[in-house]
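Subject: Structure handover

Hello,

Here is the structure for you to take over. Please open it first; my notes follow below.

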Amino acid sequence: MARVAVVIPNWNGARLLEGCLSSLRRQTFRSFETIVVDGGSEDGSAELVRASFPEARLLELGENRGFAAAANAGIRASSSELVALLNNDTEQDPGWLEALVRAADAHPEAGMFASKLLDFRDRRYLDGAGDAIRLSGLPYRLGHGERDRGQFDRPAYVFGACGAAALYRRRMLDEIGLFDEDFGSYCEDADLSFRAQLAGHRCLYVPEAVVYHVGSASTGGKRSATATRLGTRNSLLLLAKNLPLPAVPHLLPFFVAGQTARLLTAAATGTLRPHLEGLAEAARMLPAALAKRRGIQRSRRLPEAEVRRLLRASSLDAAVSLARRIRDRTTGG
């Protein structure tokens with residue numbers, strides 16, 4: 001049995017899949033199976049996999065159910081000890097999977113492992129070095145947009161792993177549950193990371209696990225209406241589900257400031273309407289999120305004081321990273 005199942009959700013990504021699957025063929029670690037989960041693509045994705053990559057298992061859902069549902073379907077279709085999740089718009093260095101498995105073997109206390117993401121088009125720049133969450137409650141990808149000067153070349157514990165290229169222990173997923181399919185796409189990985197941290201599972205960033213990432217290839221870009229609506233909605237739902245009640249007063253001023261800034265940014269970038277739609281959808285979905293919250297908080301192992309410490313440390317990491325990003329922009333990198 002393969003030690004790792006590599007799950008690749010796909011929807012109309014034929015133009016991307018060939019590069020992703022070809023790079024998996026070059027992996028130095030070989031004890032893995034590849035599962036492509038196709039959500040009713042109409043661009044020949046399924047035909048491409050069958051014709052050119054017969055080593056990959058093709059799981060056809062028949063319709064687009066979102067990233068979270070596709071990821072879950074692939075995870076359920078496998079039985080390996082470890083599960084790697086990949087976006088279809090990625091290309092992996094040959095040593096990517098070997099580095100992640102080596103880290104999993106060396107760090108039994110960690111349940112999640114984050115890759116070093118580099119910008120696919122300009123590989124001098126980082127796309128992410130693990131996920132953070134700010135005191136405002138807004139997720140942040142560490143290193144995103146920064147010039148890669150080696151500042152993220154050491155392993156470190158981070159808040160979470162970006163689902164574009166992450167490794168999870170199956171026993172952790174069995175304990176906390178899979179991705180929340182109500183999220184569809186966006187923040188589903190941050191929600192899973194939050195639940196894992198509350199249950200006592202740490203996340204290790206592995207700098208040797210290098211992946212090149214296009215980003216938002218299936219939703220029209222980071223400022224698209226779809227990305228804005230889902231990002232707004234799901235960032236609120238993950239807080240409603242996961243934030244311990246005693247921590248709310250400590251974070252409330254930062255939350256209000258962050259939401260105000262997000263509203264102003266949406267107005268300035270022409271995405272106000274999808275932002276407001278996301279807020280309305282979050283309100284409609286709140287009762288279901290609160291119902292899930294009860295189970296999450298009952299099984300929480302991390303003390304509330306430790307949750308606050310985790311959020312403070314993660315927010316500080318995000319602030320330092322953002323400052324470097326702004327510096328790089330103002331100085332031309």
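Start with alanine 199. This residue counts as buried, because its relative accessibility is 7% and the cut-off for buried is under 20%. Please bear in mind that this is a predicted model.

Alanine 199 sits in the loop between α6 (188–198) and β12 (202–213). Leaving aside residues up to four places away in sequence, alanine 199 touches Glu175, Ile176 and Arg301. Asparagine 10 is 189 residues from alanine 199 in sequence, and the two C-alpha atoms are 30 Å apart in space.

Next, the cavities. Searching the whole structure turned up two of 30 Å³ or more.

The largest cavity has a volume of about 50 Å³. Two elements each give two or more residues to its lining: α7 (225–242) and α9 (272–298). α9 gives the most, with four residues. By class, that makes five nonpolar, four charged and no polar residues.

The second largest cavity has a volume of about 30 Å³. Which residues line the second largest cavity? They are Asp131, Ala132, Ile133, Pro139, Phe159 and Ala190. Strand β8 (residues 131–133) supplies the largest share, three residues. Here the lining has five nonpolar residues, one charged and no polar.

Over to you.

Best wishes

Key:
Residues are numbered from 1 along each chain as its sequence is written. This is a predicted model: local features need pLDDT of at least 70, side-chain atom pairs count only at pLDDT 80 or more; totals for chains, interfaces and linings use all residues. Side-chain values use heavy atoms; hydrogens and water are left out. Buried means under 20% relative accessible area, exposed over 50%, partly exposed in between (1.4 Å probe, protein chains only). Contact means heavy atoms within 4.5 Å. On a 1 Å grid over the protein atoms alone, a cavity is a set of points where a 1.4 Å probe fits but cannot get out, and a pocket is an open set with protein on both sides within 12 Å along at least five of seven lines; lining residues have an atom within 4 Å of a point. Grid points are joined across faces, edges and corners, and a volume is the space filled by probe spheres set on the points. Ala, Val, Leu, Ile, Met, Phe, Trp, Tyr, Cys and Pro count as nonpolar, Asp, Glu, Lys and Arg as charged, and the others, Gly among them, as polar.
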